[in-house]
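Hi everyone, thanks for coming. Have a look at the structure on the screen, and then I'll walk you through a few parts of it.

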2 protein chains.
Amino acid sequence: MSPRIGLDLPALLHAATEIADSQGIEAVTLASLAQKLQIRSPSLYNHINGLPDLRRQLALRGLELLADQLSREVEGRSGDDAVRAFCAAYLNFARAHPGLYEAIQRAPEPEDKLLQQAGGAVVDQVIRTMAGYGLEGDAAIHAVRAIRSLLHGFVSLERQGGFGMPLDLDVTFQLMVETFLAGVKAMRDGGAST
Amino acid sequence: MSPRIGLDLPALLHAATEIADSQGIEAVTLASLAQKLQIRSPSLYNHINGLPDLRRQLALRGLELLADQLSREVEGRSGDDAVRAFCAAYLNFARAHPGLYEAIQRAPEPEDKLLQQAGGAVVDQVIRTMAGYGLEGDAAIHAVRAIRSLLHGFVSLERQGGFGMPLDLDVTFQLMVETFLAGVKAMRDGGAST
DNA sequence: TTGCCAAAACTAATGATATTAGTTATTATA
DNA sequence: TATAATAACTAATATCATTAGTTTTGGCAA
């Protein structure tokens, strides 16, 4: 009675994103998505290649969106200011799109070219932001890894309610970033102190 | 022909841990566990209360083991040395038990008393380790949150292969911890520098 | 304008999973 | 030795992903 509803991949991903952001990536199933779209689940195969493919597409969409927002916020800034803006943008994305953020973490296939590339774009943005910071070569790579760890760790713990104390998390975040910057400078300008 | 094989909860969790550590927490299903134990999956209900309960038990087991190893390594140390030992022990646990570590992160029910308590034991260990560091009140809480973020972020990114460059990860980890310590001292002993 | 074809929906069917209900056999204990 | 609790079992159901094959529709070419 009603073939041709007019679905396409973007519409699918939009609906899947809503499910992921509101109920978690686990809740994104072909059954739940089909129900939300008012179609039968086998019909989804006209647009995607099964559940793993759907989640992969979500991860791609998430990475693109993240890279986009990061570069937009960092643009025109430099030094500490750029790092602060970068960190804030990263946190904001994770809070605004918890489901997409979750999807990004599920990068299984290391040989997936497109996913690698999309992830690379985000990492490149970190590298650009941290560049011109007086760090060269290996030291720069270590610093980039450190800030990625810091950001991802905070975001993950916050999302899963890992921080018990009722102390303002935004303050923690700000302080954490400043501590990191202070540490980088201390390490750069000399050895360890007491 | 063969009821009474002699299974009990510890044996179950041991087998489930092996699956989780070798194939990931996703691979821990009642079907896979039953197959490994040579029984039919409904028989598992004599020991556990379904799949969610099994994963919860795994998380509990993981938290206990982690708290145990952390306190063992930190014992007798203090100051920077204690922090370094703590971080190393945390990393070692995550590497040795990737499946258990994964299980820990899946803490869904915030009202689960036992899980809260087990998680609290780990956090308390962080607090004890960071204590006597010249940080008081809120500052101490922020510092604890920061180091948890750092450790969890690094461990997660490493596990999912998030670090692309073929640069020694152990070096990054060491450096990261030292940078954190330097940052904490810089923040404690004065404001921001240039 | 008409007819055809590709695309997008569908139904039907299969296999895997978790879970429940009810059954049987064994072990421990009274 | 008899019995009761326990730990295995079989049978059955519901949900999910996936495949195969079918129908309908909308656009495009003759």
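Let's begin with one term: two residues are in contact when they have heavy atoms within 4.5 Å. Leaving aside its neighbours within four places in sequence, Leu63(A) is in contact with Ile104(A), Leu115(A), Ala118(A), Gly119(A) and Val122(A).

A word on where this comes from: this is a predicted model, in which local features need pLDDT of at least 70 and side-chain atom pairs count only at pLDDT 80 or more, while totals for chains, interfaces and linings use all residues. Residues are numbered from 1 along each chain as its sequence is written, chains are lettered from A and ligands numbered from 1 in the order in which they are written, and side-chain values use heavy atoms, with hydrogens and water left out.

Now for chain A as a whole. Chain A has 8 helices and 0 strands, where helices (H or I, at least four residues) and strands (E, at least two) are DSSP runs numbered from the N terminus. The C-alpha atoms of chain A fill a box of roughly 75 × 40 × 30 Å along the principal axes. Of its 194 residues, 47% count as buried; here buried means under 20% relative accessible area, exposed means over 50%, and partly exposed is in between, using a 1.4 Å probe and protein chains only. Among contacts in chain A with a separation of 6 or more, 69% are made by residues 24 or more positions apart.

Back to Leu63(A), which lies in helix H3 of chain A. Is Leu63(A) buried or exposed? With 9% relative accessibility, Leu63(A) counts as buried.

Next, please find helix H8 of chain A, residues 169-189. This helix has 21 residues and reaches 30 Å from its first C-alpha to its last, close to the 30 Å expected; the expected span is 1.5 Å times one less than the number of residues. Its buried residues include Phe173(A), Met176(A) and Phe180(A). What do the buried residues of H8(A) pack against? They pack against H4, H6 and H7 of chain A, together with H7 and H8 of chain B.

Let's turn to aromatic rings. Rings of Phe, Tyr and Trp (its six-membered ring) pair if their centres lie within 6.5 Å; planes under 30 degrees apart are stacked, over 60 edge-to-face, and the rest tilted. That rule gives 8 aromatic pairs over all chains. In one of them, the ring centres of Phe154(B) and Phe173(B) are 5.0 Å apart and the planes are at 55 degrees, so this pair is tilted. Phe154(B) sits in helix H7 of chain B and Phe173(B) in helix H8 of chain B, so the pair ties together parts 19 residues apart in sequence. Phe154(B) is buried, at 0% relative accessible area, and Phe173(B) is buried at 5%. Over in chain A, Phe86(A), Tyr90(A) and Tyr101(A) form one aromatic cluster.

I'll finish with two loop residues. Gln38(A) has a positive phi of about 65 degrees although it is not a glycine. Where does Gln38(A) lie? Gln38(A) is in the loop between helix H2 (30-37) and H3 of chain A, and at 69% relative accessibility Gln38(A) counts as exposed. Gln38(B) also has a positive phi of about 65 degrees, and Gln38(B) is exposed, with a relative accessible area of 68%.
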